[in-house]
Amino acid sequence: MHAFEYLRASGLKQAGDWLRQHPESRPLAGGMTLVPSLKHRLAQVSHLVDVARLPEMRGIESTATALRIGAGMRHAEVADDAQVQRAIPALAQLAGLIGDPQVRARGTLGGSVANNDPAADYPAALLALDAVVVTDRREIAAADFFQGMFSTALDAAELVVAVRFGLPRRAAYAKFRHPASGYAMAGVFVAEWADGQRRVAVTGATDGVFRWTEAEQAWTQGRQAGPLQHDGLLDDIHAPARYRAHLAGLMLQQALAQLA
(Lines give C-alpha, C1' and ligand atoms only; values in the text may rest on other atoms or scores of the structure.)
Protein backbone atom coordinates (compact mmCIF):
# COMPACT_ATOMS: atom_id res chain seq x y z
CA MET A 1 0.00 0.00 0.00
CA HIS A 2 1.30 3.43 -0.95
CA ALA A 3 1.43 6.16 1.68
CA PHE A 4 -1.49 8.61 1.94
CA GLU A 5 -3.00 11.11 4.36
CA TYR A 6 -6.29 10.43 6.15
CA LEU A 7 -8.84 13.22 6.58
CA ARG A 8 -12.16 12.84 8.42
CA ALA A 9 -14.72 15.33 7.16
CA SER A 10 -17.21 16.84 9.60
CA GLY A 11 -19.61 18.04 6.92
CA LEU A 12 -20.46 17.70 3.25
CA LYS A 13 -18.96 21.06 2.31
CA GLN A 14 -15.67 20.29 4.02
CA ALA A 15 -15.48 16.91 2.28
CA GLY A 16 -16.08 18.53 -1.11
CA ASP A 17 -13.53 21.25 -0.43
CA TRP A 18 -10.85 18.71 0.51
CA LEU A 19 -11.55 16.57 -2.56
CA ARG A 20 -11.20 19.62 -4.80
CA GLN A 21 -8.03 20.79 -3.03
CA HIS A 22 -6.39 17.38 -3.48
CA PRO A 23 -7.00 16.13 -7.04
CA GLU A 24 -5.49 12.72 -6.27
CA SER A 25 -7.75 12.15 -3.25
CA ARG A 26 -10.69 9.74 -2.95
CA PRO A 27 -13.73 9.66 -0.67
CA LEU A 28 -13.94 6.77 1.79
CA ALA A 29 -17.27 5.42 3.03
CA GLY A 30 -17.45 1.65 3.55
CA GLY A 31 -14.18 1.02 1.73
CA MET A 32 -15.18 -2.46 0.54
CA THR A 33 -13.69 -1.83 -2.91
CA LEU A 34 -11.28 1.02 -2.34
CA VAL A 35 -9.33 -0.41 0.60
CA PRO A 36 -8.50 -3.76 -1.11
CA SER A 37 -7.49 -1.82 -4.23
CA LEU A 38 -5.11 0.29 -2.18
CA LYS A 39 -3.80 -2.74 -0.33
CA HIS A 40 -2.88 -4.51 -3.56
CA ARG A 41 -1.54 -1.28 -5.10
CA LEU A 42 -4.16 -1.31 -7.81
CA ALA A 43 -5.01 2.26 -6.84
CA GLN A 44 -2.99 5.14 -5.41
CA VAL A 45 -4.28 8.22 -3.61
CA SER A 46 -2.73 11.25 -1.95
CA HIS A 47 -5.54 11.62 0.61
CA LEU A 48 -8.49 9.57 1.84
CA VAL A 49 -11.44 11.78 2.80
CA ASP A 50 -13.65 9.89 5.25
CA VAL A 51 -17.32 10.67 4.59
CA ALA A 52 -18.80 7.69 6.43
CA ARG A 53 -20.16 9.72 9.35
CA LEU A 54 -21.60 12.69 7.47
CA PRO A 55 -25.20 13.31 8.63
CA GLU A 56 -26.12 14.61 5.16
CA MET A 57 -25.50 11.11 3.78
CA ARG A 58 -27.50 9.22 6.38
CA GLY A 59 -31.17 8.42 6.83
CA ILE A 60 -34.09 6.84 5.02
CA GLU A 61 -37.27 8.75 4.17
CA SER A 62 -40.42 7.29 2.64
CA THR A 63 -43.15 9.43 1.06
CA ALA A 64 -46.21 8.69 -1.02
CA THR A 65 -44.21 8.96 -4.25
CA ALA A 66 -40.60 8.03 -3.49
CA LEU A 67 -38.12 6.35 -1.16
CA ARG A 68 -35.00 8.38 -0.39
CA ILE A 69 -31.98 6.53 1.01
CA GLY A 70 -28.83 8.29 2.13
CA ALA A 71 -25.65 7.29 0.32
CA GLY A 72 -23.96 6.46 3.62
CA MET A 73 -26.53 3.84 4.59
CA ARG A 74 -24.97 0.41 4.82
CA HIS A 75 -26.37 -2.59 2.98
CA ALA A 76 -27.46 -4.27 6.22
CA GLU A 77 -29.30 -1.12 7.29
CA VAL A 78 -31.17 -0.97 3.99
CA ALA A 79 -32.06 -4.65 4.20
CA ASP A 80 -33.36 -4.36 7.77
CA ASP A 81 -35.18 -1.03 7.52
CA ALA A 82 -38.94 -1.26 7.99
CA GLN A 83 -39.63 1.65 5.63
CA VAL A 84 -37.72 -0.02 2.81
CA GLN A 85 -39.42 -3.35 3.49
CA ARG A 86 -42.83 -1.71 3.24
CA ALA A 87 -42.18 0.59 0.30
CA ILE A 88 -40.01 -1.65 -1.95
CA PRO A 89 -39.58 -5.14 -0.48
CA ALA A 90 -37.46 -6.20 -3.45
CA LEU A 91 -34.90 -3.50 -2.65
CA ALA A 92 -34.58 -4.75 0.93
CA GLN A 93 -34.17 -8.28 -0.43
CA LEU A 94 -31.46 -7.12 -2.86
CA ALA A 95 -29.50 -5.40 -0.09
CA GLY A 96 -29.64 -8.57 1.97
CA LEU A 97 -28.09 -10.58 -0.86
CA ILE A 98 -25.00 -8.39 -1.30
CA GLY A 99 -21.66 -10.04 -0.52
CA ASP A 100 -21.45 -11.58 2.93
CA PRO A 101 -22.36 -10.33 6.44
CA GLN A 102 -19.06 -8.47 6.78
CA VAL A 103 -19.55 -6.65 3.47
CA ARG A 104 -23.17 -5.83 4.29
CA ALA A 105 -22.10 -4.42 7.65
CA ARG A 106 -19.62 -1.95 6.08
CA GLY A 107 -20.48 -1.41 2.41
CA THR A 108 -22.69 1.54 1.51
CA LEU A 109 -25.29 2.33 -1.11
CA GLY A 110 -23.36 5.38 -2.32
CA GLY A 111 -20.11 3.48 -2.65
CA SER A 112 -21.71 0.74 -4.72
CA VAL A 113 -23.45 3.22 -7.01
CA ALA A 114 -20.39 5.45 -7.49
CA ASN A 115 -18.08 2.49 -8.18
CA ASN A 116 -20.46 0.98 -10.76
CA ASP A 117 -18.96 -2.48 -10.76
CA PRO A 118 -20.55 -4.41 -13.67
CA ALA A 119 -21.54 -7.18 -11.23
CA ALA A 120 -22.92 -4.92 -8.47
CA ASP A 121 -26.55 -5.34 -7.41
CA TYR A 122 -27.77 -1.80 -6.74
CA PRO A 123 -27.36 -0.45 -10.31
CA ALA A 124 -30.03 -2.87 -11.55
CA ALA A 125 -32.43 -1.60 -8.89
CA LEU A 126 -31.71 2.03 -9.82
CA LEU A 127 -32.46 1.44 -13.50
CA ALA A 128 -35.58 -0.65 -12.91
CA LEU A 129 -36.95 1.69 -10.25
CA ASP A 130 -36.41 4.88 -12.29
CA ALA A 131 -34.16 6.23 -9.54
CA VAL A 132 -32.47 9.61 -9.30
CA VAL A 133 -28.93 9.97 -7.93
CA VAL A 134 -28.69 13.04 -5.71
CA THR A 135 -25.19 14.54 -5.45
CA ASP A 136 -23.76 17.55 -3.65
CA ARG A 137 -24.21 19.51 -6.90
CA ARG A 138 -27.21 18.17 -8.85
CA GLU A 139 -29.63 15.34 -9.55
CA ILE A 140 -28.89 12.69 -12.20
CA ALA A 141 -31.40 10.19 -13.58
CA ALA A 142 -30.17 6.60 -13.29
CA ALA A 143 -30.54 6.19 -17.05
CA ASP A 144 -27.91 8.91 -17.50
CA PHE A 145 -25.74 8.04 -14.49
CA PHE A 146 -24.28 4.64 -15.44
CA GLN A 147 -21.90 5.00 -18.38
CA GLY A 148 -20.18 1.64 -18.72
CA MET A 149 -17.81 -0.49 -16.68
CA PHE A 150 -16.69 1.41 -13.55
CA SER A 151 -17.76 4.66 -15.22
CA THR A 152 -20.46 7.13 -14.16
CA ALA A 153 -21.62 10.68 -14.88
CA LEU A 154 -19.99 11.94 -11.66
CA ASP A 155 -17.55 14.80 -12.10
CA ALA A 156 -14.25 14.99 -10.24
CA ALA A 157 -14.80 15.51 -6.49
CA GLU A 158 -18.58 15.13 -6.87
CA LEU A 159 -20.18 13.12 -4.07
CA VAL A 160 -23.29 10.95 -4.09
CA VAL A 161 -25.47 12.16 -1.21
CA ALA A 162 -28.58 10.01 -1.64
CA VAL A 163 -30.63 7.94 -4.08
CA ARG A 164 -34.34 8.61 -4.63
CA PHE A 165 -36.23 5.54 -5.81
CA GLY A 166 -39.61 5.53 -7.51
CA LEU A 167 -42.31 3.35 -5.99
CA PRO A 168 -43.48 0.53 -8.28
CA ARG A 169 -46.71 -1.39 -7.90
CA ARG A 170 -44.59 -4.51 -7.45
CA ALA A 171 -40.98 -5.57 -8.02
CA ALA A 172 -38.61 -8.51 -7.59
CA TYR A 173 -34.93 -9.34 -7.86
CA ALA A 174 -33.16 -12.62 -8.60
CA LYS A 175 -29.46 -13.27 -9.01
CA PHE A 176 -27.04 -16.11 -9.46
CA ARG A 177 -24.28 -15.43 -6.94
CA HIS A 178 -20.61 -16.07 -7.54
CA PRO A 179 -19.88 -18.68 -4.84
CA ALA A 180 -16.79 -16.87 -3.50
CA SER A 181 -17.53 -13.16 -3.81
CA GLY A 182 -21.33 -13.06 -3.74
CA TYR A 183 -21.29 -10.76 -6.77
CA ALA A 184 -23.95 -11.33 -9.41
CA MET A 185 -22.86 -13.52 -12.30
CA ALA A 186 -26.29 -12.55 -13.57
CA GLY A 187 -28.91 -10.55 -11.73
CA VAL A 188 -32.29 -9.34 -12.96
CA PHE A 189 -34.49 -6.70 -11.31
CA VAL A 190 -38.07 -6.41 -12.59
CA ALA A 191 -40.57 -3.67 -11.74
CA GLU A 192 -44.18 -3.09 -12.73
CA TRP A 193 -45.72 0.37 -12.32
CA ALA A 194 -49.24 1.57 -11.68
CA ASP A 195 -49.53 2.88 -15.26
CA GLY A 196 -48.66 -0.55 -16.67
CA GLN A 197 -45.05 0.27 -17.53
CA ARG A 198 -42.66 -2.63 -16.99
CA ARG A 199 -38.91 -2.41 -16.54
CA VAL A 200 -36.26 -5.14 -16.57
CA ALA A 201 -32.65 -4.34 -15.63
CA VAL A 202 -29.73 -6.77 -15.86
CA THR A 203 -26.45 -6.73 -13.95
CA GLY A 204 -23.48 -9.11 -13.82
CA ALA A 205 -23.89 -10.70 -17.24
CA THR A 206 -22.40 -7.88 -19.32
CA ASP A 207 -19.90 -5.04 -19.17
CA GLY A 208 -22.41 -2.81 -17.44
CA VAL A 209 -25.96 -2.59 -16.15
CA PHE A 210 -28.65 -2.12 -18.81
CA ARG A 211 -32.37 -2.36 -19.44
CA TRP A 212 -33.39 -5.52 -21.24
CA THR A 213 -36.00 -4.02 -23.55
CA GLU A 214 -36.76 -7.28 -25.35
CA ALA A 215 -37.68 -8.87 -22.02
CA GLU A 216 -39.83 -5.85 -21.14
CA GLN A 217 -41.78 -6.24 -24.38
CA ALA A 218 -42.18 -9.99 -23.92
CA TRP A 219 -43.42 -9.51 -20.34
CA THR A 220 -45.94 -6.90 -21.49
CA GLN A 221 -47.16 -9.21 -24.25
CA GLY A 222 -47.46 -12.18 -21.92
CA ARG A 223 -44.83 -14.32 -23.59
CA GLN A 224 -41.42 -15.67 -22.62
CA ALA A 225 -38.39 -13.61 -23.59
CA GLY A 226 -35.85 -15.04 -26.00
CA PRO A 227 -32.16 -15.51 -25.14
CA LEU A 228 -30.28 -12.44 -23.95
CA GLN A 229 -28.51 -10.73 -26.84
CA HIS A 230 -25.86 -8.17 -25.89
CA ASP A 231 -22.54 -7.12 -27.44
CA GLY A 232 -20.92 -6.73 -24.03
CA LEU A 233 -21.54 -10.19 -22.59
CA LEU A 234 -18.73 -11.05 -20.20
CA ASP A 235 -16.55 -14.03 -21.13
CA ASP A 236 -13.95 -14.77 -18.46
CA ILE A 237 -12.54 -17.42 -16.13
CA HIS A 238 -15.77 -17.47 -14.14
CA ALA A 239 -18.18 -18.18 -16.99
CA PRO A 240 -18.37 -18.01 -20.79
CA ALA A 241 -20.65 -15.50 -22.49
CA ARG A 242 -23.26 -18.09 -23.51
CA TYR A 243 -23.56 -19.30 -19.93
CA ARG A 244 -24.09 -15.77 -18.60
CA ALA A 245 -26.76 -15.15 -21.24
CA HIS A 246 -28.45 -18.38 -20.14
CA LEU A 247 -28.25 -17.34 -16.49
CA ALA A 248 -29.85 -13.98 -17.26
CA GLY A 249 -32.82 -15.78 -18.78
CA LEU A 250 -33.17 -18.04 -15.77
CA MET A 251 -32.95 -15.09 -13.36
CA LEU A 252 -35.63 -13.29 -15.33
CA GLN A 253 -37.90 -16.29 -14.97
CA GLN A 254 -37.20 -16.49 -11.23
CA ALA A 255 -37.88 -12.77 -10.70
CA LEU A 256 -41.16 -12.93 -12.60
CA ALA A 257 -42.13 -16.07 -10.65
CA GLN A 258 -41.65 -14.09 -7.42
CA LEU A 259 -44.19 -11.55 -8.67
CA ALA A 260 -46.67 -14.31 -9.44
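Q: In what order do the four strands of the open sheet lie?
A: The model is a predicted one. Strands of a sheet pair through backbone hydrogen bonds, either parallel or antiparallel. In this open sheet the pairing is antiparallel, and the order is E9-E10-E11-E12.

Q: Which strands stand at the edges of this sheet?
A: A strand with a single partner strand has one side left without a neighbour in the sheet. This holds for two strands, so the edges are E9 (170-177) and E12 (210-211).

Q: Which residue in E12 is the bridge partner of Ala 201?
A: Strand E11 covers residues 198-203 and pairs with E12 in the antiparallel sense over two bridges. The bridge partner of Ala 201 in E12 is Arg 211.

Q: Are the rings of Phe 145 and Phe 146 stacked or edge-to-face?
A: The count of aromatic pairs comes to two. In the pair of Phe 145 and Phe 146, the ring centres are 5.1 Å apart. Planes over 60 degrees apart count as edge-to-face. The planes here stand at 90 degrees, so the pair is edge-to-face.

Q: Is Phe 146 buried or exposed?
A: Buried means under 20% relative accessible area. Phe 145 falls in this class, and Phe 146 is likewise buried.

Q: Which class has eight residues in the lining of the second largest pocket?
A: This pocket holds about 250 Å³ of space. Of its 15 lining residues, the closest to the centre are Asp 117, Ala 119, Tyr 183, Asp 236 and His 238. By class, the lining has three charged residues, four polar ones and eight that are nonpolar.

Terms used
Residues are numbered from 1 along each chain as its sequence is written. This is a predicted model: local features need pLDDT of at least 70, side-chain atom pairs count only at pLDDT 80 or more; totals for chains, interfaces and linings use all residues. Side-chain values use heavy atoms; hydrogens and water are left out. On a 1 Å grid over the protein atoms alone, a cavity is a set of points where a 1.4 Å probe fits but cannot get out, and a pocket is an open set with protein on both sides within 12 Å along at least five of seven lines; lining residues have an atom within 4 Å of a point. Grid points are joined across faces, edges and corners, and a volume is the space filled by probe spheres set on the points. Ala, Val, Leu, Ile, Met, Phe, Trp, Tyr, Cys and Pro count as nonpolar, Asp, Glu, Lys and Arg as charged, and the others, Gly among them, as polar. Rings of Phe, Tyr and Trp (its six-membered ring) pair if their centres lie within 6.5 Å; planes under 30 degrees apart count as stacked, over 60 as edge-to-face and the rest as tilted. Buried means under 20% relative accessible area, exposed over 50%, partly exposed in between (1.4 Å probe, protein chains only). Two strands pair if DSSP finds at least two bridges between them.
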